[in-house]
2 protein chains.
Amino acid sequence: MHFAREEYLERIARARAAMERAGIELLVTVDPSNMGWLTGYDGWSFYTPQAVLLALDGDPVWWGRGIDAPGARRTVFMEDHAQSVVGYSDDWVQNPPRHAAEELARLIDERGWGGLRIGVEMDNYYYSATMHHRLVAGLPRARFLDATGLVNWCRAVKSSAEIEMIRRAARIVEAMHERILAVAEPGMPKNVLVAEIQHQGTLGAKGYWGDYPAIVPMTPSGLDATAAHLTWDDRPLRRGEATFFEIAGVHCRYHCPQSRTLFFGPPPKHYRQAERAVLAGLEAGMSAARPGASCEDVAAAFYAALAEHGFSKDSRCGYSIGMSYPPDWGERTMSFRWGDKTVLRPGMVFHFMPALWLDDGGLEISEPIVITEDGAERLTHTPQELFVK
Amino acid sequence: MHFAREEYLERIARARAAMERAGIELLVTVDPSNMGWLTGYDGWSFYTPQAVLLALDGDPVWWGRGIDAPGARRTVFMEDHAQSVVGYSDDWVQNPPRHAAEELARLIDERGWGGLRIGVEMDNYYYSATMHHRLVAGLPRARFLDATGLVNWCRAVKSSAEIEMIRRAARIVEAMHERILAVAEPGMPKNVLVAEIQHQGTLGAKGYWGDYPAIVPMTPSGLDATAAHLTWDDRPLRRGEATFFEIAGVHCRYHCPQSRTLFFGPPPKHYRQAERAVLAGLEAGMSAARPGASCEDVAAAFYAALAEHGFSKDSRCGYSIGMSYPPDWGERTMSFRWGDKTVLRPGMVFHFMPALWLDDGGLEISEPIVITEDGAERLTHTPQELFVK
């Protein structure tokens with residue numbers, strides 16, 4: 001267990017308060033981050049149906065594939081495993097027309113929850129349309145409510161123990177950027193550089209072991225960097241080209257993402273202009289980020305500084321981070337963008353990510369930040385500049 | 001493009017034949033493997049809604065987030081990008097109550113497909129209950145049919161070009177197991193060993209670069225190995241303990257998974273018994289695997305040999321593999337298990353995975369295999385044994 005039992009109980013209390021506000025009597029959370037945050041469960045088992053069931057009293061219940069139940073018993077905080085860990089048989093795995101949601105409905109009914117108002121995460125990677133339809137069909141007395149994001153929002157303000165995890169991840173991502181600067185050189189195949197990045201990421205840093213990131217390293221060069229999410233191959237790094245590195249250090253599933261851009265040779269003038277614009281925007285956004293301000297305020301300050309330097313950006317420039325599993329390391333709650341009126345509070349953690357896509361490449365200089373009592377703090381000490389080698 | 005244009009056209013013809021058999025006039029495929037198989041698209045963008053639309057004539061259409069459209073233009077085989085690559089604006093990204101499926105419905109209607117019989121992958125990680133509901137609401141004239149697995153099944157028999165990709169991935173996984181044997185030693189923290197495995201996996205082997213696996217290395221030791229899918233931390237490898245390594249070499253998204261088990265010191269008698277049982281089971285299964293036999297026949301031969309050695313196993317002992325994206329490297333079609341009557345054909349590729357969970361650990365010795373004209377061929381040359389060091 002990465003956190004004290006008391007912390008899990010506090011999280012559950014927070015989730016139950018949110019359930020009561022939403023009129024939900026039983027929460028079925030399938031998001032692996034939410035499952036882990038509420039119970040401690042940690043395993044790469046989310047490719048088969050699984051969930052944590054949380055009623056308004058009693059321990060949460062982990063439900064999943066039978067062969068994963070031993071992993072649950074070894075990672076969850078709950079102690080009465082006979083009641084709180086339930087596995088289903090392997091016949092239910094990837095074996096249509098059967099679907100494990102039928103088993104889940106049976107369990108919910110068996111526990112006496114079949115007639116409740118049940119919250120489900122309608123818009124989640126791990127809650128397919130079929131899973132919903134089978135669950136609804138199996139629980140004719142239940143009333144279903146959309147609980148997408150309910151637990152994610154409970155996770156928005158981090159405990160000091162969680163922030164410590166992210167600070168450890170910050171040490172790791174710093175080491176990853178140092179490794180890039182140390183080993184990258186023109187002619188090096190991209191996959192060789194990525195191998196070095198992953199090696200450092202999993203080794204960790206300062207005595208903190210590295211966990212797997214919810215997104216693989218993004219490392220596009222040159223024109224490929226005009227595209228946001230292409231992954232690597234073996235084409236070599238080249239002089240006169242920019243490569244950006246959107247990577248995360250991870251410790252105990254807590255992520256600290258950070259991006260930097262590396263240019264081989266003297267960067268063209270427009271890269272330097274973009275660098276000045278992004279740095280001015282980061283500074284403006286950091287000044288605006290404080291308790292009481294909104295996510296939109298940070299975005300507005302950033303966009304205004306960018307505009308002063310002759311640049312503009314359409315997409316959001318930051319998002320909430322914390323505990324995560326593939327395929328996304330964002331929390332899918334708050335974003336720094338127009339219209340997001342969420343009020344900042346101490347303990348919120350963001351990836352402030354003002355990527356600029358240029359005609360001939362991309363520039364990313366991004367910062368993980370934590371909202372403090374009176375402002376915002378950068379979580380890393382990586383030099384804030386366009387790297388040139 | 002990793003394959004010739006003609007191969008994409010042949011795949012599309014195969015998918016259209018399956019659509020016609022199922023009475024589907026427009027296929028909306030969201031599975032990243034299916035999207036890539038049909039068009040060549042390759043990017044880590046599946047954490048926001050995206051799809052490939054395939055009507056009964058014309059080019060397929062890639063639809064996704066605007067900032068990913070440049071990545072689509074750089075990877076798909078289609079040439080008329082104005083028609084075949086469509087991006088949506090960033091306001092639709094993780095910004096409820098809006099959902100990008102509303103944009104998808106608009107596009108389908110705009111193309112004149114709004115009144116068709118539309119096949120959607122109801123049970124897919126990337127097709128949430130909300131995505132389905134919004135799509136249905138936005139296309140009141142359409143009739144929706146479940147197309148889960150439709151393209152996956154088209155992928156079951158691999159082309160020679162695809163098998164070549166898997167053979168390259170096989171060279172990579174061999175090198176990964178060699179690296180494990182070379183560097184693993186008692187006292188080594190698990191994450192340090194995983195860093196070495198990932199490093200080799202991404203470096204690749206024999207001149208073939210390594211792509212990212214759809215599942216991170218599974219490397220549990222001792223009692224943790226009684227659980228199937230726990231990931232690593234920094235606890236050290238220990239003498240007198242078994243560690244199993246369920247890993248894959250990957251090249252151009254094609255996976256070659258393979259498992260081996262390493263014991264430090266002399267293995268206890270029951271590990272040697274389990275080894276004999278698994279090897280006998282593998283041999284029996286390989287003898288049964290040939291065109292005309294069924295998936296169940298392979299499982300039956302394996303289970304019978306296992307029983308002769310006093311072991312039994314509940315879960316499936318193999319599954320179809322090929323192109324894949326997280327969170328699963330299986331194709332989610334055929335499995336070696338009771339009741340799967342799928343008839344084997346040359347060009348099908350499986351991970352024959354007879355894992356045994358013992359009371360005090362686990363034993364995995366697994367083989368990627370391809371069905372040939374008259375039997376089955378192992379794809380790797382990794383020694384088939386319990387590794388002891």
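1. A polar contact is taken here as a pair of N or O atoms within 3.5 Å, where within protein one must be able to donate a hydrogen and the other to accept it, and where residues adjacent in sequence count only if both atoms are side-chain atoms. By that rule, 44 residue pairs, both at pLDDT 80 or more, are in polar contact across the interface of chain A and chain B, whereas zero salt bridges are found there (a side-chain nitrogen of Lys or Arg within 4 Å of a carboxyl oxygen of Asp or Glu).

2. This is a predicted model, in which local features need pLDDT of at least 70 and side-chain atom pairs count only at pLDDT 80 or more, while totals for chains, interfaces and linings use all residues. Residues are numbered from 1 along each chain as its sequence is written, chains are lettered from A and ligands numbered from 1 in the order in which they are written, and side-chain values use heavy atoms, with hydrogens and water left out.

3. Chain A gives 66 residues to the contact and chain B gives 66 residues (contact meaning heavy atoms within 4.5 Å). About 5900 Å² is buried between the two chains, with 55% coming from carbon and sulfur atoms (buried area being the accessible area, with a 1.4 Å probe, that two parts lose on being put together, summed over both). Of the area that chain A buries against chain B, A:Trp44, A:Tyr47 and A:His229 supply 12%, more than any other three residues.

4. Two arginines of chain A deserve a look: A:Arg11 lies over the face of A:Phe3, at 4.4 Å from the ring centre, and A:Arg253 lies over the face of A:Tyr212, at 3.7 Å. The rule asks for NZ of Lys or CZ of Arg within 6 Å of the ring centre and within 35 degrees of the ring normal.

5. B:Leu386 is buried, with a relative accessible area of 3%. Not counting residues up to four places away in sequence, B:Leu386 touches several residues, among them B:Phe263, B:Tyr271 and B:Ile365.

Methods:
Buried means under 20% relative accessible area, exposed over 50%, partly exposed in between (1.4 Å probe, protein chains only).
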